[in-house]
Amino acid sequence: MSQDNSSSLRDVSRRKLLGSTAGLTALGLAGCTGLFGDGGDGGDGGDGGAGLDPVRDRVEVDPADIQEGGELVFGLGAGVDSFDPAYSTSAPARNPQLIMYESIVTQDAAGEVYPWLATSWELQETQEISDRIEAYSDYMVDAETDEEGNIVSESQIIIRDTENQRILTREQAPDAVEDGTFGMRYRAELHEGVTFHNGEEMTAENVIGGYDVYANSDNAAQTFDSFLYAEKIDDYTVDIYAQVPDAEAESQLPVEVYPTEHIEEYPDTGADPRNDLTPIGTGPYQFEDFSTQEFADFSKFDDYWLEQKGLDALEWWDGPDEFPAGPVVDSITVRIVTDDATRAAALNNGEIDITYGLASSTYADYRESEDFRLSVTNAGAYNFMQFPVTQEPWSNEKLRRGVNQLIPRETIAQNIYNGYRNPAYVPLPRLASAAGTEDYEALLEELKPQTEQDVEAATSTIQEAVDEMGVETPIQTTIEVNNADDRVREVELIAQAMNNAGDGNLFDISVETFDFNTLIQRIFGPDYYQRGVITFIGLSGTFNPGSFYDAVNNIANFRQCCNFQRVDTPDLAEIADDARFSVDAVESEDYRGQQYDKVWDGLIQQSPNIYTVFGTNVAALSQDYVGHNTYTFSSSILPYGLHAPEDQQVAYLDR
């Protein structure tokens, strides 16, 4: 397996692909668990309008018509930051990752959880723990600190007592569990005979080892906010403990499963062929080849466990006997084409079979074409703008709140995204609203007057803030954004609205664009938050409402996904914690909604982030690729479309 070397055939194909755009009209859009996302590509009833079902435009396949074999070429609009899920903050990169890696559970397009590598996944015990620090204080140890007084530890910190500078790490967690101190206990019974791509059989040790891989990884904060300890009962039984009662534990506790080779031998940079480390999972496809910024090749794994066992191994399966037990496509090439127009041209010329994130101005043509189709689904995602909240003048809430009222959300949704997005007047996508609010329509009615464009009111608020701070105007800064065509146009419109405010005397805002992965590397730099620039990107969340607060507003996620400006909202974090990590939250969806409503209101008042538009995921594909339905989150457009028994989803090549 090569790392970065392309054959001459690859070079010819690449030249052909790049040259095929000559003379064509420019198309375009690209972007980025609880991960950075491209924010989707359309609307989800964010303004109280459409209110789409979880899956729209769904097509069904008759199993009798399925053709096996062929090579699928998937057009990806961003480079792969890592092939290891634990070390990736990019939603696009999850597409190649999740055809290789699997977890003990899976979720359908509506968010329901099903056992996957586990035959069963059940809650065994819940105990009330109202105060983490108090409950675990007897097991905590004194923490080391750096020169600035910040707590540091080589071991993954699970709970920190910043006031007393004490911590609970993974080393102390077993003692707490042994004494009966924990919030929840889940039990996973594993399938026997599941093999990794290297031939190793999956056992309880591999499930436990997944948490070793995630420890101190790029996504550690979103794992160890709930996870406490994993205990082997026998070779095929694992108990997984949560720190406190967690309303999202069913889907949030499990992580991907890794082979022993990875757990014990791979360094803390994750599995990546750029470092001569082969990604190895239990999934239906195995890694073959990769060239940075060009392609990644995968082949069908002959010993895929579900095909060996059959769908009857899934106790919840109730589909037709003819439904395949695995994907039917033999091989996959992920073609990395970051330029939107080039990627669209490649689709039009038959060089790729499917892509997503194209400019919304092209969607009508694909809908009307006999050679292509659009697959549209409701998404849990939004575009957002994050202020450098530690730097003056952006540390002023009133200034940020005024800018929030300048955003032309309706114009952005209609003129830039052609109605394929809806204005984000609240910080919560409708998809996550079931437990995220008491009443979504009431939430919109309450918060929309504070976020709907009102230039006069916004200008007045901004001027008040300027006068109170005594800062000079115009306030100069740059908005940094990835170079997706639609997204750049959106940011340019926002900059224009800011520069026009107060007769053009309040702001002098410029726009700077970067390649997606370059922007990701930039914003996670240790000093980025001190540069005083505004960042614009997208978030692809989860079915859980907490992910849309926590990722971008909680200081625990600073320099992880997705807090890069050192945003800290401790008062709201306490409420959000209660909306997720409490017995009341576990037992009552209404209680969760009541608490989250306080969070959303507080976010509008403080405005550390400005949410512009909600999205749907829109995939454009050749009619040769039959049966594809697009997943709720852009991170799984490829793996879900290929094969997802939980929704009786399968697609095949007809050529």
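The model is predicted, so local features need pLDDT of at least 70 and side-chain atom pairs count only at pLDDT 80 or more, while totals for chains, interfaces and linings use all residues. Residues are numbered from 1 along each chain as its sequence is written, and side-chain values use heavy atoms, with hydrogens and water left out. The protein chain holds 22 helices and 27 strands; these are DSSP runs numbered from the N terminus, with helices being H or I of at least four residues and strands E of at least two.

**Overall dimensions and surface**

- The C-alpha trace spans about 70 × 70 × 45 Å along its principal axes.
- Of the 655 residues, 62% count as buried. Buried means under 20% relative accessible area, exposed means over 50%, and partly exposed lies in between (1.4 Å probe, protein chains only).

**Charge**

- There are 38 positive and 120 negative side chains, and the centres of the two sets lie 5 Å apart.
- Lys and Arg count as positive and Asp and Glu as negative, whereas His and the chain ends are not counted. Each charge is placed at NZ of Lys, CZ of Arg, CG of Asp or CD of Glu.

**A three-stranded sheet**

- An open antiparallel sheet of 3 strands has the order β6-β10-β9. β6 (141-142) and β9 (157-161) stand at the edges with a single partner strand each, so one side of each has no neighbour in the sheet.
- Strands count as paired if DSSP finds at least two bridges between them. β6 is joined to β10 (residues 166-169) by 2 bridges, and the two run antiparallel.
- Val141 stands opposite Ile167 in β10.

**Cis peptide bonds**

- Glu392 and Pro393 are joined by a cis peptide bond with omega of about 0°. Pro393 sits in the loop between β18 (372-386) and α12 (397-404).
- A cis peptide bond also joins Thr473 and Pro474, with omega of about 5°. Pro474 belongs to the loop between α15 (455-469) and β20 (475-482).

**Positive phi outside glycine**

- Asp276, a residue other than glycine, has a positive phi near 60°. The loop between α8 (260-265) and β14 (285-291) contains Asp276, which counts as exposed at 63% relative accessibility.
- Gln648 is not a glycine but has a positive phi of about 50°. Gln648 lies in the loop between β25 (643-644) and β26 (649-650) and counts as partly exposed at 35% relative accessibility.

**A buried loop asparagine**

- Asn563 is in the loop between α18 (546-553) and α19 (570-580), and its relative accessible area of 0% makes it buried.
- A polar atom of the Asn563 side chain lies 3.0 Å from the backbone oxygen of Asn554. The Asn563 side chain also reaches the backbone oxygen of Val567 at 2.8 Å.
- A polar contact is a pair of N or O atoms within 3.5 Å; within protein, one must be able to donate a hydrogen and the other to accept it, and residues adjacent in sequence count only if both atoms are side-chain atoms.
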